[in-house]
Amino acid sequence: MLTVRAPAKVNLVLEVLGTGQKYHDLCSIAQTIDLCDSLTFEPAPDILFTCSEPELLQNNLVPQAARLLQQRCTIRSGARIHLDKRIPWAAGLGGGSSDAAATLVALNWMWGAGLSHEQLVVLGAEIGSDVPLFLHGGTVLLEGRGERVRPLPDLAGAHLVILTPRTPIPTGKTGLMYGRLRPEMFTRGQFVRAASFALERGGHIPGALLFNVFEKVAGDVFDELTDDRTLLERVTDRRAHLAGSGPCLYALVDSEEASSKAASQLQELGRRAFAARAISADETHSDSL
């Protein structure tokens, strides 16, 4: 049996530059964190997929990734795959894309497919825009629709508190969020350039540069998000930020102790919350192959 982890991510900066023929053109800095799903793989005659959350069995990217790799490399073997889900889904943390990336890496090794990292990245981009970022991991610059990835210096000593709002998540959430953006909300990549420069010079990003364009429309889509933001900011005494297209929120805090304490306080209030830490590319793949 082979077990690998699939980490979540947050977008430290997320700008939309405009619209293309099929996709919005974005520019973003993303960071993988140590909030992870776990996947196990065993040899089997066919692709057999199970999940700890039965509602995620349909239209899941894990068996899609397995079958794509199987077809492209003319693999006759199968795999029994189980996904133990911990990352909140459809919440802006990229869990589904991360699960797909982990599947490509694990089965490429288990089946002896022999694809290079670059080839896996190209294959991953066919599955979803966020898959390539998880095949890199760490602190990365994303461009295009998210499929173009460039490593950045690691975000030094970052600890986070993540709050999962209780607001209902509408069907087609990401498309709905993009559809709410107006041209005057588009930017020119200035936040990403400034944040990249700060990372290269000092290993951190000033709070004023933690920009997410979806903050401008999130309140129109997610009920009670303002109350959740207020709660997270009160518990952490830090500014709350939207994770990706939401509705998860995160706050950057000073230490592991501070993140654990804040997450525990939120949990005591009956909320689903996590203490997390930014991880490097090496840590992202430390138990993958």
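Helices (H or I, at least four residues) and strands (E, at least two) are DSSP runs, numbered from the N terminus.

Good morning, colleagues. The model is predicted, so local features need pLDDT of at least 70 and side-chain atom pairs count only at pLDDT 80 or more, while totals for chains, interfaces and linings use all residues. Residues are numbered from 1 along each chain as its sequence is written, and side-chain values use heavy atoms, with hydrogens and water left out.

I begin with a pair of helices. Helix H1 (residues 61-72) packs with H2 at an angle of about 35 degrees, their axes being 8 Å apart. The crossing is right-handed, the term for a near helix turned clockwise from the far one by less than a right angle, anticlockwise being left-handed. Contact means heavy atoms within 4.5 Å. On the H1 side the meeting residues are Leu-61, Val-62, Ala-65, Ala-66 and Leu-69, and their partners in H2 include Ser-97, Ala-100 and Leu-104.

Which residues of helix H3 are buried? In H3 (residues 117-127) they are Leu-120, Val-121, Leu-123, Gly-124, Ala-125 and Ile-127, where buried means under 20% relative accessible area, exposed over 50%, and partly exposed in between (1.4 Å probe, protein chains only). Their cover includes H1, H2 and helix H4 (131-136).

I turn to Leu-141, found in strand S5 (residues 139-144). Leu-141 is buried, with a relative accessible area of 6%. Beyond its neighbours within four places in sequence, Leu-141 contacts Cys-27, Ser-28, Ile-29, Arg-148, Val-149, Arg-150, Leu-152 and Val-192.

Finally, the pockets. On a 1 Å grid over the protein atoms alone, a pocket is an open set of points where a 1.4 Å probe fits, with protein on both sides within 12 Å along at least five of seven lines; lining residues have an atom within 4 Å of a point. The largest pocket holds about 1000 Å³ of space. Among its 41 lining residues, Ser-97, Asp-130, Lys-173, Thr-174 and Ser-245 are the closest to its centre. Strand S1 (2-19), strand S2 (24-44), helix H2 (95-110) and helix H5 (173-180) each supply at least two lining residues.

The second largest pocket has a volume of about 240 Å³. Its lining comprises 15 residues, with Ala-158, His-204, Ile-205, Leu-210 and Leu-252 nearest its centre.

Technical notes. Grid points are joined across faces, edges and corners, and a volume is the space filled by probe spheres set on the points. Axes are lines fitted to C-alpha atoms, for helices over the stretch in contact, and angles run from 0 to 180 degrees between N-to-C directions.
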